[in-house]
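Subject: Structure handover

Hi there,

Here is the structure I promised to pass along. My notes on its charged pairs follow below.

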Amino acid sequence: MRVLGFETSCDETGVALYDSEKGLLANVIYSQVKTHAQYGGVVPEIASRDHIRKLAPLLQEALAQAGLTLKEIDAIAYTAGPGLIGALLTGSAFAKSLGFSLQIPTIAVHHMEAHLLAPLLESPKPDFPFLALLVSGGHTLLVHVTGLGNYQVIGESVDDAVGEAFDKTAKLLGLGYPGGATLEKLASQGNPKCFHFPRPMLKDNSLNFSFSGLKTHSAQIIAQHTPADYADIARAFQDAVVDILTQKCKKALQRAGLTRLVIGGGVAANQSLRASLSSLGEVFFPRFEFCTDNAAMIAFTGALKLAQQQKDSDRTIQAYPRWELT
Ligand code: KG4
Ligand code: ZN
């Protein structure tokens, strides 16, 4: 089965083609990051307009990359949520219209389920069951995964998502948007001994996280120091985040009686986090381009769902800005 995938939940327009026998045939992406950077964050209306401009050309590029025509596609998967409503609607409307004109099934995909399954695109891939740590701009989730569609959220952020905390601290450090990767670069030049950031909720009994206090702490420290100290501050912030995520994953693995840990979402691109989590045992990370938003994970998740006959029951355009994983 060949499944076309569309990703338009935020500021990346992605189109990919996944073949259930041959694997990934095409994966193209257009990032709007530069457009939004001048505003210091994603402007939803601009994001939607850009998706509309880019979807058709990217589809042609993906088909050319795979050496296929539209007639050779068996189904179409698209991100139906969670995300920005206008952005989601562009991808959903495009996918559903194409499905209607080709008379093939469409499959609504949950963006975070796709992040969770992205490590399964790699080889060796993790077997079920496993613990998934999902760390993106909008979510921080610990999920006990026993099979496709069998997800139990056992921990989550009670306030800011971890990517959001990176972005907000990066902004305070004058690093621009999105700041996660730039903050990581700056932190690599920092001295780990100069500052110490708090570890909120680390000692409590739950598997939940809290990151909004770290942003407040960053704001206070930055206000008291000069740019000469920014690398040390970035380092202390990152060390705190990495420590919190590592300790909570360790606790979650023990509690759930699991040995395999799978990491997904944009923050999983962070090298310090990868190094620290690797110490916890059998750990699976997707490659860099499958950590941040992409359509390969959408086409792949669509193919897995199609194999289980999970497809849209009608041609209604679906978009769910808020959508629980479970
Ligand atoms: O999964 P993703 O591409 O989009 C969402 O679904 O939100 O994640 C984007 C987030 C942003 O907050 C970005 O700053 C963060 O991932 N990020 C990083 C790194 N690369 C991206 N955070 C820390 N270190 C990185 N290297
Ligand atoms: Zn994402």
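Let me start with R199, which counts as partly exposed at 22% relative accessibility (partly exposed lies between buried, under 20% relative accessible area, and exposed, over 50%, with a 1.4 Å probe and protein chains only). This is a predicted model, where local features need pLDDT of at least 70, side-chain atom pairs count only at pLDDT 80 or more, and totals for chains, interfaces and linings use all residues. Residues are numbered from 1 along each chain as its sequence is written, chains are lettered from A and ligands numbered from 1 in the order in which they are written, and side-chain values use heavy atoms, leaving out hydrogens and water.

The side chain of R199 forms a salt bridge with D243 (3.0 Å, N to O); the term means a side-chain nitrogen of Lys or Arg within 4 Å of a carboxyl oxygen of Asp or Glu. D243 sits in helix α8 (residues 230-256) and R199 in the loop between α6 (180-187) and α7 (212-224), so the pair ties together parts 44 residues apart in sequence. Helices here are DSSP runs (H or I, at least four residues), numbered from the N terminus.

D204 and K248 also meet in a salt bridge (3.0 Å, N to O). D204 is in the loop between α6 and α7 and K248 in helix α8, so this pair, too, links parts 44 residues apart in sequence. K248 is buried, at 1% relative accessible area, while D204 is partly exposed at 26%.

In total, the structure holds eleven salt bridges.

Best wishes

Note on methods
Helices (H or I, at least four residues) and strands (E, at least two) are DSSP runs, numbered from the N terminus.
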